[in-house]
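The points are grouped by topic and can be followed with the structure open alongside.

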Amino acid sequence: MKLCMIGTGYVGLVSGTCFSDLGNDVICVDRDQKKVNDLKKGIIPIYEPGLDELVLKNYKNKRLKFSTDLKDSVSKSDIIFICVGTPSKKNGNSADLSQIYNVAKEIRSSISRFKIIITKSTVTVTTGDVIEKIISQKVSKKKFSVVSNPEFLREGEAIRDFYKPDRIIIGTTDKKSNNLLKNLYSPLTSRGAKYINTSRRAAELIKYASNAFLATKITFINEMANLCEKIEVNIEDISIGMGLDKRIGGRFLRAGPAYGGSCFPKDTKAIATTADKYKTNLSVIKSVIKSNENRNSLLLKRVEDILKKRIKNKRICFLGVTFKANTDDMRDSSSLSMIPSLIKRGAKINYFDPTGEKEDFKKLKNAKFSDNINSAIKHADLIIIHTEWNDFKSINFKKEVQNKKFMIFDMRNIYSPVKMKELKIKYFGVGR
Ligand SMILES: NC(=O)c1ccc[n+]([C@@H]2O[C@H](COP(=O)([O-])OP(=O)(O)OC[C@H]3O[C@@H](n4cnc5c(N)ncnc54)[C@H](O)[C@@H]3O)[C@@H](O)[C@H]2O)c1
């Protein structure tokens, strides 16, 4: 099939590449000329394990193309996936859908034969209705169908998630589109992926409801960790004990920093705001948002306690600054508020991240990037394990850190407190 992905970011590039690998002809379009030029040269703009080889392979065999020409790419394709950003509105909580609506307006003149227009971006309920209205102002309704097919891939495991999704949600009542999409996804459904056909609005809501639920799970266990710290119980025991219950499940049940990333913070706010619009109070989600927003100051308070309130001139090393491992995505990472806040109080920050130096910290006077773990931790007073990269799981701290009084605050509970005690390292975890 001939596909066009509009927006070549984490979602558009990964799913476009994987669709081309399944034998489809795919054009990935982006308005960012540099991104498109780089991709044509084999430079991949994001860090996603396994993506480089897959892009190069399919670009070479010409099933995958890159372009900035939206209109031409749409007119050559049968199925159009909208994968542009839907961030929170500036100074507000609702989703900014302007990129989506701009695309809807832009593609109208390129629809001269039947096309399926799909929102893969996370969009508020009824967005599909608005897209349909915008396009139908210029194009006969017989020539297009607007479908919701939300994306559930996780950064860091995006390729695996594409090939082995838990479910494929297709929101449409149009039989023709449903059949074409069943066919498109048949290489995945034949391997066991569940294909669920719902109404368009239901598909849009499934995505938000899923993200809000996962954010709730994380927040729930983070609050349990707060209690565990007061009563000398190990949160890891609670996670395992709860997670083995099949009704609960162990994933997203590990205590740590506030949830971040490009989805949960904006999506929880967007669904709560949407519900307000329909005079429905999503009180659980609203408390989750509040609790998560408080978590950064709570963990900073722990840093303060660990350092006995003497933060000034302390050398604090962050291992990992992205919101989770195996991605370079910094959007809404808790390090973005923690690092400047510690610097404000006089700390000197050194950080290492396997995905390299971050623009966000370049302007900060006392934030220095080290290009390897050993030099990052060498002179530290306090080492904060912020992100759960495998690279951080077997560090010989005793050998590498020169300051013999160093301490570790393991926000991901990677290390065993018992072993750390045996090594005589002052070690603090979360919820234990
Ligand atoms: N990142 C994730 O893990 C993830 C997972 C599931 C769903 N989503 C959702 O998918 C959507 C996209 O997320 P992302 O992380 O891939 O975003 P992103 O910011 O990485 O990529 C979006 C791309 O769209 C391009 N773009 C914007 N307007 C355009 C236009 N008119 N024409 C061509 N290109 C245009 C931008 O230049 C950018 O490269 C969001 O709604 C997000 O919530 C993201």
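Two strands are taken to pair if DSSP finds at least two bridges between them. By that rule strand β9 (residues 315–319) and strand β12 (residues 382–385) are a pair, running in the parallel sense over four bridges. The model is a predicted one, and every value below is computed from it.

**The six-stranded sheet**

- Strands β9 and β12 belong to an open sheet of six strands, in the order β11-β10-β9-β12-β13-β14, with parallel pairing.
- The edges of this sheet are β11 (367–369) and β14 (426–428), and because each has a single partner strand, one side of each is left without a neighbour in the sheet.
- On average, and with direction ignored, neighbouring strands of this sheet are turned by 20 degrees against each other.
- Helix α14 (residues 335–344) lies across β9, β10 (348–352) and β11, and runs at about 175 degrees to β9.

- Between β4 and β5 the chain passes through helix α5 (residues 98–107), in a β-α-β crossover that is right-handed.
- Five bridges connect β1 with strand β2 (residues 25–29), again with the two strands running parallel, and K2 stands opposite D25 in β2.
- A right-handed β-α-β unit is made by β1, helix α1 (residues 10–21) and β2.
- Four of the five residues of β1 are buried, so this strand is largely enclosed by the rest of the structure.

**Strands β7 and β8**

- Strand β7 (residues 167–171) is mostly covered, with four of its five residues buried.
- Strand β8 (residues 194–198) pairs with β7 in the parallel sense over five bridges, and in this pairing I169 stands opposite I196.

**Aromatic rings and charges over them**

- When rings of Phe, Tyr and Trp are paired by having their centres within 6.5 Å, with the six-membered ring used for Trp, the count comes to 13 aromatic pairs.
- The charged end of R167 sits over the ring of F152, at 3.6 Å from the ring centre.
- K176 lies over the face of F114, and the distance to the ring centre is 3.9 Å.

- R113 lies in the loop between α5 and β5, and is partly exposed, with a relative accessible area of 35%.
- When residues up to four places away in sequence are not counted, R113 touches S75, K76, S77, D78 and K143.
- R113 and S140 are 27 residues apart in sequence, and their C-alpha atoms are 9.9 Å apart in space.
- N93 is placed in the loop between β4 and α5, and is partly exposed, with a relative accessible area of 42%.
- With neighbours within four places in sequence left aside, N93 is in contact with S88, K266, K269, A270 and T273.
- N93 and E357 are 264 residues apart along the chain, and 29 Å separates their C-alpha atoms.

Terms used. Residues are numbered from 1 along each chain as its sequence is written. This is a predicted model: local features need pLDDT of at least 70, side-chain atom pairs count only at pLDDT 80 or more; totals for chains, interfaces and linings use all residues. Side-chain values use heavy atoms; hydrogens and water are left out. Rings of Phe, Tyr and Trp (its six-membered ring) pair if their centres lie within 6.5 Å; planes under 30 degrees apart count as stacked, over 60 as edge-to-face and the rest as tilted. A charge sits over a ring if NZ of Lys or CZ of Arg is within 6 Å of the ring centre and within 35 degrees of the ring normal. A crossover is right-handed if, with the strands pointing away from the viewer, the path from the first strand over the helix to the second runs clockwise. Axes are lines fitted to C-alpha atoms, for helices over the stretch in contact, and angles run from 0 to 180 degrees between N-to-C directions. Contact means heavy atoms within 4.5 Å. Buried means under 20% relative accessible area, exposed over 50%, partly exposed in between (1.4 Å probe, protein chains only).
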